[in-house]
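Q: Could you walk me through this model before I set anything up? I'd like to take it piece by piece.

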Amino acid sequence: PAPSAEDIAEMITTCSSSSDLGVRISGGKFSSEAERILMSEESFTGIIDAVGGWEHVNAVIRDWAEKYSTTWNIIVDHVRWVQDSYSRVDQSQLRRIATKHCTTIETVCRKKREFPKVLARAILQTPK
């Protein structure tokens, strides 16, 4: 199912608070939290609609996961076992994932880093 407006706002806040955009934005109008959530949801939903809607996104993801099951399984394990900020515990988890999938820690990290772009490209290039 599609995420709720609150879920979308949380995803956007989480991503943008940890991302350095390289610019400082000042000024602008004050908006309430409810208004910010609604605007985030509308913008996010507009993007999803432009790429074919949730049904298309889900179909492409399921197809991609089936065709590239090894990479998909690495990503799933990474999401389950590795935190956003790496620690010594995460290093051992990365080693565990690499061993499980007969690859290296570097490959696990590279696949995780490249995954959003690869999946976005698949969604955009697949006919709706």
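A: Let me start with helix 6 in this predicted model: at 1.5 Å a residue, its 21 residues should span 30 Å, and the end C-alpha atoms are 30 Å apart, which agrees.

Q: And where does helix 6 bend?

A: The bend in helix 6 is at Phe115 and amounts to about 45 degrees, with a proline, Pro116, following within four residues.

Q: Which residues of helix 6 are buried?

A: Phe115, where the bend lies, is one of the buried residues of helix 6, and the others are Thr107, Val108, Leu119, Ala122 and Ile123.

Q: OK, now packing: at what angle do helix 4 and helix 6 cross?

A: The axes of helix 4, residues 69–81, and helix 6, residues 105–125, come within 10 Å and cross at roughly 90 degrees, which makes helix 4 roughly perpendicular to helix 6.

Q: Which residues meet there?

A: From helix 4 there are Thr71, Trp72, Ile74, Ile75 and His78, and these meet Val108, Lys111, Lys112 and Phe115 of helix 6.

Q: What share of the chain is buried?

A: Of the 128 residues in the chain, 23% are buried. As for contacts with a separation of 6 or more, 57% are accounted for by residues 24 or more positions apart.

Note on methods. Residues are numbered from 1 along each chain as its sequence is written. This is a predicted model: local features need pLDDT of at least 70, side-chain atom pairs count only at pLDDT 80 or more; totals for chains, interfaces and linings use all residues. Side-chain values use heavy atoms; hydrogens and water are left out. Axes are lines fitted to C-alpha atoms, for helices over the stretch in contact, and angles run from 0 to 180 degrees between N-to-C directions. Helices (H or I, at least four residues) and strands (E, at least two) are DSSP runs, numbered from the N terminus. Angles under 35 degrees count as roughly parallel, over 145 as roughly antiparallel, 65 to 115 as roughly perpendicular and the rest as oblique. Contact means heavy atoms within 4.5 Å. The expected span of a helix is 1.5 Å times one less than its number of residues. The bend at a residue is the angle between axes fitted to the seven residues ending there and the seven starting there. Buried means under 20% relative accessible area, exposed over 50%, partly exposed in between (1.4 Å probe, protein chains only).
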